[in-house]
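Biologist: Hey, could you walk me through the aromatic residues in this one? I'm new to it.

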Amino acid sequence: MIDHFLAEARALDAADPLAGFRDDFVISDPGTVYLDGNSLGRLPKATRERLREAVDTWGTDLIDGWHAWLPVGREAGDVLAGIVGAGPGEVVLSDSTSVNLYKLAVAALDARPGRDVIVTDDDNFPTDRYILEGVAEARGLEVRRVRADIDEGLRVEDVEAALDDRVALVCLSHVAYRSGALADLPAVTAAAHRHGALVLWDLCHSAGAVEVGLTAAGADLAVGCTYKYLNAGPGAPAFLYVRRDLQDVLVQPIRGWFGQADQFAMGPSYQPPPTIDRFLVGTPPMLSGLAALEGARLTARAGIGPIAAKSRTLTGYALRLADAWLTPLGFRVATPRDPARRGSHLSLHHPAAWQLCQALKADRVVPDHRPPERLRLGFAPLYTTHTDIHTGLARLRDIAAADRHLAYPATPRGLT
């Protein structure tokens, strides 16, 4: 019998305008299907060469290398700005996502004196919630949590219902880390602005995978990581976005010497510049900063429009396979079916998700597991093919049909 799904995958791959970008990545084991690029992207070949060059430069130039290294955060920021739909000088590479979230949240709260409420959702990424709760506890503020459906994500009307003139800051994820549900960034931003609040978006699961459109939406603030779809490598620095007209209004709370107007004057008082540089803190990690720059350049060369379009075809194809092969075996799709409402990963609910994850890894398919009982499959448009998805889901189907996953422990080690 001809596998029409395989024929479809091959036809989609043959017509893929981004197909050539797969060759830009290090793929040491073509027999392994990597479906976890939403956790850690593959290594671009250009990054490997750039880091080798940088290490050699370090070895020969020593302190003189700083002249070439110091602009990297701003240079990467301008490349990233094009990817997330912002303007030059509105994005900079700096610190981690968590630190950037803290900096911008506190700056936003200080810019809305007399308001005592932070709005987030109950399914937001844990670190985001922890940071907001910590800031609120320290300042005697209220965190108002909007209910988000664990599969379908946030509804704009639910966010709007939580807004009033007490709200200073709304902080949400653009793409839900668990389900891949895509929030309506323009509509939520507009709703918050009607109530005089600022909005801080977490772009970790959307930057480099879907169109964000910060300027078009009038977005205020955003943070995001570079090691997922932007392929900057483990622990690579994050980025932050501040709309240009807010840059000389907001004052960030971590006053480091890289955020000083005349950095090397070593002056007695802190005077931040009226630019995105005021949101910098300390000496940046230069090697991983160069990796972030190379990853961003690769994404920019492909173009976020074609990347987002391929993301929709990848997730749509995976949905069709899941319906045909996996639903009869007890799986349930836990991601929005509307392509306009999802990012670039697919979540599958199954009571034995943890065991299935381990069995898949043993069968050379790399997925991810997220509680409760969800198998998360990430599709990175620059190197994931439709044939990859066919191979990966066929192996998952065969494992589940033969109950091979039952040979693995039902509970993750260390968890109850």
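Biologist: Is F125 buried, partly exposed or exposed?
Modeller: This is a predicted model, and in it F125 is partly exposed, with a relative accessible area of 33%.

Biologist: And what about Y177, buried or exposed?
Modeller: Y177 is buried, at a relative accessible area of 9%.

Biologist: How are the rings of F125 and Y177 arranged?
Modeller: Their centres are 5.1 Å apart and the planes sit at 90°, so the pair is edge-to-face. Over 60 degrees is what that label takes.

Biologist: Where do those two lie along the chain?
Modeller: F125 is in the loop between β3 (117-121) and α6 (126-139), while Y177 is in the loop between β5 (167-173) and α8 (185-194). The pair therefore ties together parts that are 52 residues apart in sequence.

Biologist: OK, zooming out. How many aromatic pairs does the structure hold?
Modeller: Six. One of them is F25 with Y383, edge-to-face, with 4.9 Å centre to centre and 65° between the planes.

Biologist: Which parts does the F25 and Y383 pair tie together?
Modeller: F25 comes from the loop between α1 (4-14) and β1 (33-34), and Y383 from the loop between β13 (374-378) and α13 (386-401), so the pair links parts 358 residues apart in sequence.

Biologist: New topic: which residues form an aromatic cluster?
Modeller: W257, F258 and F264 form one.

Biologist: And what lies over the face of W325?
Modeller: That's R397, at 4.2 Å from the ring centre.

Technical notes. Residues numbered from 1 in each chain as written. Predicted model: local features only at pLDDT ≥ 70, side-chain atom pairs only at ≥ 80, totals over all residues. Heavy atoms only, no water. Phe/Tyr/Trp six-rings, centres within 6.5 Å; stacked < 30°, edge-to-face > 60°. Helix = DSSP H or I, 4+ residues; strand = E, 2+ residues; numbered from the N terminus. Buried < 20%, exposed > 50% of the residue type's maximum accessible area, 1.4 Å probe, protein only. Lys NZ or Arg CZ within 6 Å of the ring centre and 35° of its normal.
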